[in-house]
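Visitor: I've got a protein model to look at, and I'm new to this. Could you walk me through it with a few questions and answers?

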Amino acid sequence: VASDRPLLEIRDLAKHFGGIKAVNGVSLTVNRGDVAVLIGPNGSGKTTVLNVLSGIYTATAGSIVYDGKEITNLGPARINRLGISRTFQNIRLFPELTALENVAVGYYRRGTVGLAGALLSRPRGYREEREAMEKARETLHFLGFARLGVKAKNLPYGQQRIVEIARAIVSGPELLLLDEPAAGMNHEETEVLSQILYRIHARGMTMLLIEHDMSFVSSVATRAYVMDFGQKISEGSVKQVLSDPAVMKAYLGD
Ligand code: ADP
């Protein structure tokens, strides 16, 4: 049965950049409904895992199976169409577009047209544009975001992040990848973010995130994986990994 199968299985994944072994034999399994978090010191390979997973980099070795299908080294657009969506560490909104328009772009992206195509050419009919706007409106409403007509560049940082998340989920992905969603947020913004992630999770979406804010991680994550020097050094509940001596050693450095 589909639901007995893990949603994502990464097996012995490696990504080397010349002599740099950014990821060096990582295996991890994300089950449906997990809010999984990847933690570890800077440079331990977390973002590289996300980049290979979302098709931005090709793997040096290993395999990625999503929903029973081998997806290793498919391009970002195909991976996205299979139901994996992501946000980036640095906000990548279109500054001159409104919050609503930015999210609608995410809906176009689920189709065959690339990001540039969606913006530059306008091959789509009125109906499709209406549908994208409607979905964008629905998604922002679902996340409790009301400033639909404000240009992205005029939104405070925390709200820009929420618009990015809305853009990532507007096409209804099953797996959402978030690269440091709480980075740069103040306490209040982080609170809003954790409520938003609860809401998304309650809708049945599975998440894999990278995050440094441990109190945030403790409040949202159901499972944690710790990386150091390109390898997985611990896994379990957040509480378990944070009391693992190997993890403490990695964070204290040498
Ligand atoms: P983290 O996300 O845990 O901070 P990264 O995955 O960003 O770690 O980086 C892991 C290692 O891989 C670092 O040594 C980094 O410099 C290197 N690295 C990441 N991306 C590239 C790249 N495109 N080219 C060369 N080295 C890279």
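Guide: Let's begin with one definition: a residue is buried when its relative accessible area is under 20%, exposed when over 50%, and partly exposed in between. And keep in mind that this is a predicted model.

Visitor: Okay, is Val 192 buried, partly exposed or exposed?
Guide: You'll find Val 192 in helix H7, which covers residues 187–202. Its relative accessibility is 37%. Buried needs under 20% and exposed needs over 50%, so Val 192 is partly exposed.

Visitor: And how far apart are the C-alpha atoms of Val 192 and Gly 75?
Guide: Along the chain, these two residues are 117 residues apart.

Visitor: What distance separates the C-alpha atoms of Ser 215 and Gly 18?
Guide: Ser 215 and Gly 18 are 197 residues apart along the chain. Their C-alpha atoms are separated by 36 Å.

Visitor: What about Asn 51, buried or exposed?
Guide: Asn 51 belongs to helix H1, residues 46–53. Its relative accessibility is 10%. The cut-off for buried is under 20%, so Asn 51 counts as buried.

Visitor: Which residues does Asn 51 touch, not counting those up to four places away in sequence?
Guide: Here contact means heavy atoms within 4.5 Å. With the residues up to four places away in sequence set aside, Asn 51 touches Ile 56, Tyr 57 and Arg 86.

Visitor: Zooming out, how many helices and strands does the chain have?
Guide: The C-alpha atoms fill a box of roughly 55 × 40 × 40 Å along the principal axes. As for the elements inside the chain, the count is ten helices and ten strands.

Visitor: What is the chain's radius of gyration, next to that of a compact globule?
Guide: For 254 residues, a compact globule would come out near 18 Å. The chain agrees with that, because its own value is 18 Å.

Visitor: Which residues touch the most other members in the largest nonpolar core?
Guide: This core has 46 residues. Apart from it there's another core of 27 residues, including Leu 7, Ile 10, Ala 36 and Met 227. In the largest core, the ones touching the most other members are Leu 143, Phe 145, Leu 176, Leu 197, Ile 200 and Met 207.

Visitor: Now for charges. Which side chain of opposite charge is nearest to Asp 34?
Guide: Asp 34 lies in the loop between strand E2 (20–30) and strand E3 (35–39). Asp 34 is buried yet has no salt bridge. A salt bridge needs the nitrogen and oxygen within 4 Å, and the nearest opposite charge is 5.4 Å away, on Arg 223.

Visitor: Which residues is Asp 34 in contact with, leaving aside neighbours within four places in sequence?
Guide: Arg 223 is in contact with Asp 34, even though the two form no salt bridge. With those neighbours left aside, the whole list is His 201, Thr 206, Met 207, Thr 222 and Arg 223.

Visitor: How many residues apart in sequence are the parts tied together by Glu 96 and Lys 153?
Guide: The side chains of Glu 96 and Lys 153 meet in a salt bridge, 3.1 Å from N to O. Glu 96 is in the loop between E6 and H3, and Lys 153 in the loop between H5 and H6, so the pair ties together parts whose separation in sequence is 57 residues.

Key: Residues are numbered from 1 along each chain as its sequence is written. This is a predicted model: local features need pLDDT of at least 70, side-chain atom pairs count only at pLDDT 80 or more; totals for chains, interfaces and linings use all residues. Side-chain values use heavy atoms; hydrogens and water are left out. Helices (H or I, at least four residues) and strands (E, at least two) are DSSP runs, numbered from the N terminus. Buried means under 20% relative accessible area, exposed over 50%, partly exposed in between (1.4 Å probe, protein chains only). Lys and Arg count as positive and Asp and Glu as negative; His and the chain ends are not counted. A nonpolar core is a set of buried Ala, Val, Leu, Ile, Met, Phe, Trp, Tyr and Cys residues joined through side-chain atoms within 4.5 Å. The radius of gyration is taken over C-alpha atoms; the globule rule is 2.2 Å times the number of residues to the power 0.38.
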